[in-house]
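Please keep the sequence and the structure open alongside the text.

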Amino acid sequence: MSKNKMPSGLKEPQLTRNAEIVLKKRYLRKGPNGESIEDIKGLFWRVASSVAKEEQKYEASPYNWEELAKIFYEMITSFKFLPNSPTLMNAGTKLGQLAACFVLPVEDSMEAIFDALKYAALIHKSGGGTGFSFSRLRPKNSRVGSTGGVASGPVSFMKIFNTATEQVKQGGTRRGANMGILRVDHPDILDFIKAKERDGELNNFNLSVALTEDFIQAVEKDEEYELVSPHRKEVKGKLKAREVFSLLVQKAWESGDPGIIFLDRINRDNPTPKQGEIESTNPCGEQPLLPYEACNLGSINLAKFYDPKKQDINWQELKTTIHLAVRFLDNVIDASKYPLPQITEKVHLNRKIGLGVMGWADLLFQLKVPYNSQQALKLAEQVMSFIQTESKAASKCLAQERGPFPAYKESIYYEKKLGPYRNATTTTIAPTGTLSIIAACSSGIEPLFALSFVRNVMDGETLVEVNPYFESVLKQKGLYSPKLMEEVAKKGSIQKLDFIPEEIKRVFVTAMDIEPEYHLKMQAAFQKYTDNAVSKTVNLPNSATQEDIWNIYWLAYELGCKGVTVYRDGCKNAQVLCTGKAD
Ligand code: CDP
């Protein structure tokens, strides 16, 4: 428990029932017999105060840490900003691991593979998710020098990582998540693309194929491309690029996996290329990282920045929150205890943070702007460019106060004479899967999955939710009734309900009502002003064809996205969110 005494007069957080359930079940500190040893107010104070306390290290800080702790507490409990789950769970505790995202290297030796496995277990235990590129492993059936035997290949080793993950529940609160990446020019690429075709296989992994510019050009020109064995740099064969791309599309159509990442594009934005190449992202794809790097994320809840008097965004308040959030996240780097010395070193060298947003769909509802409109895309760019600019300004201020990140002189900021920053990156858009339940807002930049729906939280437990903005608009028009909510929950969408006025239908669109192009354009609009990447799923109806997915993957490339994930409704993997089709 935090030793920082709670001052009197702190406001009680206003929580929805769902938020309360999640917090009690997964976030409150537990004693030896599983009993809670703090209440929800205590949890938020533990987080705010332990992170604010880091301020004491910096002589030039303009804040008294206890005052700052109250300011952080207010920012968090008003749900204007939330740090990622590990920070909520572990700040001010003995474990003290506060980052959500890690990338580990997997080198081509037995020893190194099993080191990575052990490191992953330690990270999962502390609440973090791990990404790995398996591209450095020699292909299956290559000779193994020491034994004269043959190598098992990346996919076979991934199964061991998957099983280990199954056994290590994250601090008893969440199961570990993994990202597995393979370069498209690895000789085992076809096995990798098909690795999840059997149900339940690699269920603790998201998979992404790392596409190179060369490969994309080969698809465009309908040419072959070379497969290169990583350990000897030997050309092992050739494949027709379009055939590989079409298999990729087919598997994504069947199960949602694999997604794709644009590796060269990610590396073009690598702020510290002298430290090597980025080869992987974290599990949900929003955070490309160097080997042994970790990143802590935080999300601003845009739903809280609507000013009903001006019927506009409260830009001033948003600016204040961005600056405070950057300070908070920079303090989290120091407050966190990392599971390996290599990680501590790397994190302190680059000091990456990832500030993003949630509640985007809710903000659009309040502004009465349809998600699938030019106006929404314009607004997305306006909001994210504001966050990007202000987060950079905040990081610059911190650099003056605390010094730039130690690797600054070998970064692109130095080379491009952009000036010293405290953090090698400042922005990332996370999925906010649980944070959005706690803050009772729409997740990340996603549209609502349904206006009223059933959410599978964990262990088969379900929660029913009705979007509050939808509810309030219906009430204003005298159209609200529990029966209608049932109908909406069954259908997911209101587009075919006759008794709902057009103007409401236009604004209250859900994921399945939105054309896939708009999903992608929204992702691209946010990506334009985000240092790291954007977590987004392009939701498709069950009737979507493989050609549709081909076009989406291609458009993602053309629009400048760093990767893309599709999900076709009703395809075989279990859905985290589902419409409450009760019939
Ligand atoms: O909302 P919350 O902070 O819990 O997490 P999120 O925004 O949905 O996911 C952010 C990142 O946390 C993911 O990309 C993973 O790196 C990590 N994560 C994980 O390790 N295990 C999970 N079960 C969920 C998320």
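In this predicted model, a backbone N or O atom of Thr432 lies 2.7 Å from an oxygen atom of the ligand.

**Around the ligand**

- There are 20 residues around the ligand, and those that come nearest are Ser85, Asn282, Thr432, Gly433 and Thr434.

**Domains**

- The domain assignment divides the protein into domain 1, made of residues 17-96 + 293-415, domain 2, covering 101-281, and domain 3, covering 444-578.
- Between the C-alpha centres of domain 1 and domain 3 the distance is 26 Å.

**Where domain 1 meets domain 3**

- On the domain 1 side 31 residues are in contact with 33 residues of domain 3, and the area buried between the two domains is about 2900 Å², with carbon and sulfur atoms giving 62% of that area.
- Phe365, Tyr371 and Asn372 together supply 27% of the area that domain 1 buries against domain 3, which is more than any other three residues supply.
- Two salt bridges are counted between domain 1 and domain 3, and the count of residue pairs in polar contact between these domains is seven, where both residues are at pLDDT 80 or more.
- The elements that give two or more residues to the side of domain 1 touching domain 3 are α1 (17-27), β16 (353-358), α13 (360-367) and α14 (374-402), and of these α14 gives the most, with nine residues.
- By residue type, the side of domain 1 that touches domain 3 divides into 17 nonpolar, eight polar and six charged residues.
- Asp531 forms a salt bridge with Lys392, in which the closest N and O atoms are 2.5 Å apart.

**Backbone details**

- Most residues other than glycine have a negative phi, and most peptide bonds are trans.
- Tyr292, although it is not a glycine, has a positive phi of about 70°, and Tyr292 is found in the loop that runs between β12 (288-289) and β13 (294-301).

Notes:
Residues are numbered from 1 along each chain as its sequence is written. This is a predicted model: local features need pLDDT of at least 70, side-chain atom pairs count only at pLDDT 80 or more; totals for chains, interfaces and linings use all residues. Side-chain values use heavy atoms; hydrogens and water are left out. Domain bounds come from an automatic or database domain assignment. Contact means heavy atoms within 4.5 Å. Buried area is the accessible area (1.4 Å probe) that two parts lose on being put together, summed over both. A salt bridge is a side-chain nitrogen of Lys or Arg within 4 Å of a carboxyl oxygen of Asp or Glu. A polar contact is a pair of N or O atoms within 3.5 Å; within protein, one must be able to donate a hydrogen and the other to accept it, and residues adjacent in sequence count only if both atoms are side-chain atoms. Helices (H or I, at least four residues) and strands (E, at least two) are DSSP runs, numbered from the N terminus. Ala, Val, Leu, Ile, Met, Phe, Trp, Tyr, Cys and Pro count as nonpolar, Asp, Glu, Lys and Arg as charged, and the others, Gly among them, as polar. A residue is near a molecule or strand if one of its heavy atoms lies within 4 Å of it.
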